[in-house]
Amino acid sequence: MNNKYAVSTFGVFASIIVATVGIGTFSYPNELSQFVGTDGWFVIIIGGAVSYGIILILIKLLQKNNWSNFTLILKNNYGNFVGSIFALSFAIYCIFSMAIGIRTFVEVMRMYLLEKTPTEFLIVITLLIGVYIIRGGLDTIIRFNEIAFWLMFIPIIVVLFLLLNNSDFTNLFPIMSNKPIEYIKSLPVNIYIFKGFEILLLILPFMKVKSRVKKATFCSITFIMVFYVLIFIFTLAVFTKYQNSVLLWPTITMIKSINIPGSFIERWDGIVMTMWILFYFTTFINSFYFSSDIIKNVFNLKETKLSYIVILPFIYLAALYPENLLELNDFRGVFFQSFTMIMIALLPLITLIKGFMSKAGGGGISNN
Amino acid sequence: MIVSMFMVICTIFTGCWDKVEIDKRSFISTIGIDAGENIGDIDKLKKLKEDKSNNEIDFKKISVTYGAPDISKLGPQKSAASQDLYLTTDAITMEDAVDKASAKISRDINYGHIKLLILSDGVMGYPDTFKEIVDYFQRQSSINRMMYVVLAEGNAEEYVKFKPSMEQNIETYISGLMQNSDRNSTILPVTLNELLIHLSENGNAIIPSLKYDKDKNEVILTGVALIKDYKLKGYLSQNETSDIEMLRGKLKGGKKSVYVDGHPIDISIENVRKKITMSTLNDKLFFNIDVFIEGQIKGYYIGGKPLTNEYISTIEGNFNKSIEDECEEVIKITQNTFSIDPIGFREYLEKYHPSIWKKKKATWEETYKNCIINVNVHTKIRRIGISK
């Protein structure tokens, strides 16, 4: 058992960013432009601030419970049975979010690259590759996150530079000319793009220097927020808010429309699809490991191997349930968003308050 | 052991469903869209019931010509460009055309390298059909959004098949012409991306127009075509096009002249900047466009007045007045004859005066027709060549 593994500050920073920034990056400018036109960047900043608030709650929860395992925290605070139920519902939330992610991933792959390959086959392949990475355990995943961080963000910053030729930044005007109700309608998009940071519930107990927790998480949320704002501003500059509301994946179309005469890359399809795969995978494996870990702790299994074999069929069936992309988008609607908010924000908050009230909630045994 | 074998086998076979050999692909480089015989019979289509099978009707709405390079003639020892191979089909929609073409062509049609779209003026007279065509191009994931779009007077098929004297095929010729817009102000390149953006804003767009001169066997650019509400409204000549480009601030090169004692003085324009300001009076809009031009004198005449500083200022003043008059003429044409705003006043209002835009949005055409636009040109001649 590799329980002595200690995560560095950069590991925490990279893991939170890489687990949060996923496939939502490629489609959220569409939804934001539909509701608030050019003011999406403002909505993203609000989303970032709220996410940091939730992160502070999660950190406080872990601190109060002596940095123990999330499942153990729930069991200690609510008793064995109810705690297990809550932990299982958290795992179900992870499974749902993975299923939605995998289905979107495969649908876009089918549309841009592999038109005739069956969806089921692509889902099976993705799951198998995920299993292959998970088998290495937590330290493999953290190291993968650290490498993937550089692999993801350096190319995309380079790509953004290349887009400057095509962009007209006056498309960002007019600023703040929407009714307040539109801003409120667009807040749920934030849930879709900022969820993923709950991975810190898994990682922070293993952090080497716990005094740097707040700094690492603050830096990661700021990075994510700035990245999303940049992408949104660039999609607005290349397409206007009108075309942004029409295109389903503005970021992908934007990268495909790079045109630098005389450069050696004439078609950017390959590069954007590589980025798509990388962005998706990091989100997927982090969520996958977290849910397997929860299942292992709930049922007191010796290794995570059994738990992810148990999870696999559920992800597969849930991913195949929606008939098409539009039904998938409905899946991501009010029900799933409220479920997310309950799991990430409400559950830790109530646990924390309960811990304060009972004053005996600090007795978590750390996972040794 | 068995599980890992299964995993390895699965990962090896991922490409099986989508494999297409490279020599079985046809890379379309040009599409030409013409009006078919039945394009005016929309009533016939409206009578069709929604749940009845309509796949057998023989309705020639559009005629699509595909041009693809003949790859067998390309290679390291041979030339880098070749004459195209063509295929024309009659069809109801663009997707129907691909379907019918794949029955006639031995290769897999691939849109990834498309360079040029030629729309004929016949098709542009039917907004319903044009809307279907625009949706098709917006919806395809594999279309190259940086391809050029042009409008051709007459049959697009002739243009696709035209072999220019300097190039091997028309898309190289047109792409080269578009890239020449650095030097020639009468060329206004429009990519599919720009066209889709303009059309999604309000259904209006401008597209460069081509004309095929049969006697001289030449294809020439004749300015731009104006599209309003997805329908072809009219044309602007080459000179008017260069003025519009200047007013949009997008002019990258070009030539203007004034005449002194019967001799022309040419300046070549190097840089254009524009600035729009607006004021309102009694619910009427007044726009001021300031155009800042930088150029150099390219043509004068031997024996003329020496080019001193004061004389240059006089010449600049002449240019200012002449270009102002030209531009105001063109603006009047766009206001009165066409009621289209290609210069960007609508965007200016929307971006910088959103409160006024909200009031005027519904009646923008009327407002644009009645607003007063004042052009102020400031020419600066920076260089006069290497002789006095």
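## Burial and overall form of chain A

Of the 368 residues of chain A, 46% count as buried; a residue is buried if 20 or more other C-beta atoms, placed from the backbone, lie within 10 Å of its own, exposed if 12 or fewer, and partly exposed in between. The structure is a predicted model, in which local features need pLDDT of at least 70 and side-chain atom pairs count only at pLDDT 80 or more, while totals for chains, interfaces and linings use all residues. Residues are numbered from 1 along each chain as its sequence is written, and chains are lettered from A and ligands numbered from 1 in the order in which they are written.

Chain A contains 16 helices and zero strands. Helices (H or I, at least four residues) and strands (E, at least two) are DSSP runs, numbered from the N terminus. The radius of gyration of chain A is 21 Å, close to the 21 Å that the globule rule gives for 368 residues, so chain A is as compact as a globular protein of that length. This radius is taken over C-alpha atoms, and the rule is 2.2 Å times the number of residues to the power 0.38. Along the principal axes, the C-alpha atoms of chain A fill a box of roughly 65 × 45 × 40 Å.

Among the contacts in chain A with a separation of 6 or more, 83% join residues 24 or more positions apart. Two residues are in contact if their C-beta atoms, placed from the backbone, lie within 7 Å.

## Nonpolar cores

A nonpolar core is a set of buried Ala, Val, Leu, Ile, Met, Phe, Trp, Tyr and Cys residues joined through C-beta atoms within 7 Å. The largest core has 103 residues, of which L200(A) and I203(A) touch the most other members. Helix α5 (residues 80-112) of chain A supplies the largest share of this core, 15 residues. Leaving aside residues up to four places away in sequence, I203(A) touches V7(A), V12(A) and S15(A). A second, separate core of 77 residues includes Y66(B), Y126(B), L177(B) and I373(B).

## The sheets of chain B

Eight strands of chain B form an open sheet in the order β4-β3-β2-β6-β7-β8-β9-β10, with mixed pairing. Two strands pair if DSSP finds at least two bridges between them. At the edges stand β4 (84-91) and β10 (231-236) of chain B, each with a single partner strand, so one side of each is left without a neighbour in the sheet. From one strand to the next, the twist averages 30°. Strand β9 (residues 218-228) of chain B is joined to β10(B) by five bridges, and the two run antiparallel; K228(B) stands opposite K231(B) in β10(B).

An open sheet of four strands has the order β11-β12-β13-β14 (chain B), again with mixed pairing. Its edge strands, β11 (254-260) and β14 (372-383) of chain B, each pair on one side only. Strands β12 (residues 263-281) and β13 (residues 284-299) of chain B pair in the antiparallel sense over 15 bridges, and I276(B) stands opposite I289(B) in β13(B).

## Contact between the chains

In the model, 20 residues of chain B are in contact with 23 residues of chain A. On the side of chain B that touches chain A, α1 (2-12), α7 (192-202) and α10 (345-352) of chain B each supply at least two residues. The most comes from α7(B), with five residues.

Methods:
Axes are lines fitted to C-alpha atoms, for helices over the stretch in contact, and angles run from 0 to 180 degrees between N-to-C directions.
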